[in-house]
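Here's a quick tour for anyone opening this structure for the first time. Have a look at it, then read on for the sheets, the helices and the charged pairs.

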Amino acid sequence: MAITAQDVNKLRQMTGAGMMDCKKALQEADGDFDKAVDILRKQGQKVAAKRADNAVSEGTVLVKISEDGTNGKLIALACETEPVSNVEDFKNLAQSILDKAVADNIADKEALLSATLADGRPVSEHIVDLVGKLGEKLEITAYENVTADQVVPYIHSNGKLGVLVAFTGVNGTDVNELGKDVAMQIAAMKPIALDKDEVDSVTVEREIEVGKEQARAEGKPEAMLEKIAQGKLQKFYKDNTLLNQEFVKDSSLTIRQLLEKTAKGLTVKAFKRVAIGA
């Protein structure tokens with residue numbers, strides 16, 4: 001049957017796919033719109049399979065804090081190139097996914113992928129559909145859901161780096177400004193853990209061995225290597241665990257001391273740092 005421009009435009013409005021893709025799908029489906037939609041979705045699946053191993057180093061990070069400030073959600077939707085990250089359909093999908101996470105208080109990434117959007121189809125299918133339309137791999141690379149006395153967010157100016165900081169012991173203190181400082185510290189200094197006891201044993205053992213090798217290369221006596229390595233480990237903790245880091249705005253204070261100075265009992269329960277392409 002003859003495929004009219006109006007038919008092509010109707011399918012394009014339904015799916016968001018390109019004009020030529022819509023025309024080919026309608027021709028293949030003999031003008032059946034439902035079949036044409038299925039054809040376009042299968043094209044998305046083929047593109048997704050073909051590009052499954054491609055790196056995603058661009059995209060967007062979005063955050064949302066509950067009205068009472070006690071919950072924060074963060075999503076990172078990644079793609080292959082910067083132009084795609086600026087496409088309205090890409091931005092809209094990221095926002096729709098975050099809105100769904102907030103509306104249903106979704107716990108984790110797996111549940112988020114299976115959650116259904118307004119048309120009743122799961123998030124995972126919407127991602128595949130957009131892959132077919134944009135021709136690039138798309139992936140939710142991170143989803144974080146944090147609850148505490150107060151959660152403070154930060155999004156870097158490039159839109160590809162986001163932080164959530166969860167505070168406990170707030171006791172009526174407004175920690176928004178402090179929280180932004182701490183969040184920016186996390187963004188810049190990239191702590192690997194909150195405190196010493198949260199650094200995994202493999203990392204600790206590796207740092208001790210590196211410290212010993214450095215001391216040995218400097219000609220230090222074997223009997224001194226363990227003590228020297230332990231000293232270097234303490235320096236590693238100071239540089240790489242949030243509560244022990246020096247506050248960037250005032251190096252006379254650690255983050256732990258800054259919190260204690262602000263309010264007795266105030267501390268960070270957890271933090272999440274998510275970056276696309278880093």
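A salt bridge here is a side-chain nitrogen of Lys or Arg within 4 Å of a carboxyl oxygen of Asp or Glu. By that rule, the count comes to 19 salt bridges. Keep in mind that this is a predicted model. Below, we start with the annotated domain, move on to the strands, and then get to the charged pairs.

**The annotated domain**

- An unreviewed UniProt entry places the feature "domain: Translation elongation factor EFTs/EF1B dimerisation" at residues 73-277.
- Over residues 73-277, the chain is 45% helix and 22% strand.

- Three strands make up an open sheet, in the order 1-2-3 and with antiparallel pairing.
- On the edges you'll find strand 1 (58-65) and strand 3 (139-147), each of which pairs on one side only.
- From one strand to the next, the twist averages 10°.
- Strand 2 (residues 71-79) and strand 3 run antiparallel and are joined by eight bridges.
- To get your bearings, find A78, which stands opposite E139 in strand 3.
- Helix 5 (residues 88-103) lies across strand 1, strand 2 and strand 3. Its direction is at about 150° to strand 2.

**The hairpin**

- Strand 4 (residues 150-155) and strand 5 (residues 161-168) also run antiparallel, with six bridges joining them.
- If you want a pair to look for, V151 has A166 in strand 5 as its bridge partner.
- Strand 4 and strand 5 form a hairpin with five residues between the strands. In this hairpin, G159 takes a positive phi near 70°.

**Charged pairs**

- Side chains of opposite charge can pair when their charged atoms come close.
- K137 and E139 meet through their side chains in a salt bridge, at 3.7 Å from N to O.
- Why does K137 count as buried? Its relative accessibility is 16%, and buried means under 20%.
- E139 has 29% relative accessibility, so this residue counts as partly exposed.
- E144 forms a salt bridge with K272, and their closest N and O atoms are 4.0 Å apart.
- That pair links distant parts of the chain, with E144 in strand 3 and K272 in strand 8 (residues 267-275), 128 residues apart.
- Are E144 and K272 buried, exposed or in between? E144 is partly exposed because its relative accessible area is 21%, and K272 is partly exposed too, with 30%. Partly exposed covers what falls between buried, under 20%, and exposed, over 50%.
- The side chains of E213 and R216 meet in a salt bridge as well, at 2.6 Å from N to O.
- E213 and R216 both belong to helix 9 (residues 201-217), where they are three residues apart, about one turn of the helix.
- E213 is partly exposed, with a relative accessible area of 45%, and R216 counts as partly exposed at 34%.

Key: Residues numbered from 1 in each chain as written. Predicted model: local features only at pLDDT ≥ 70, side-chain atom pairs only at ≥ 80, totals over all residues. Heavy atoms only, no water. UniProt positions renumbered as here; feature names shortened; annotations may be inferred. Helix = DSSP H or I, 4+ residues; strand = E, 2+ residues; numbered from the N terminus. Pairing = 2+ DSSP bridges. Axes fitted to C-alpha atoms, helices over the stretch in contact; angles between N-to-C directions. Contact = heavy atoms within 4.5 Å. Buried < 20%, exposed > 50% of the residue type's maximum accessible area, 1.4 Å probe, protein only.
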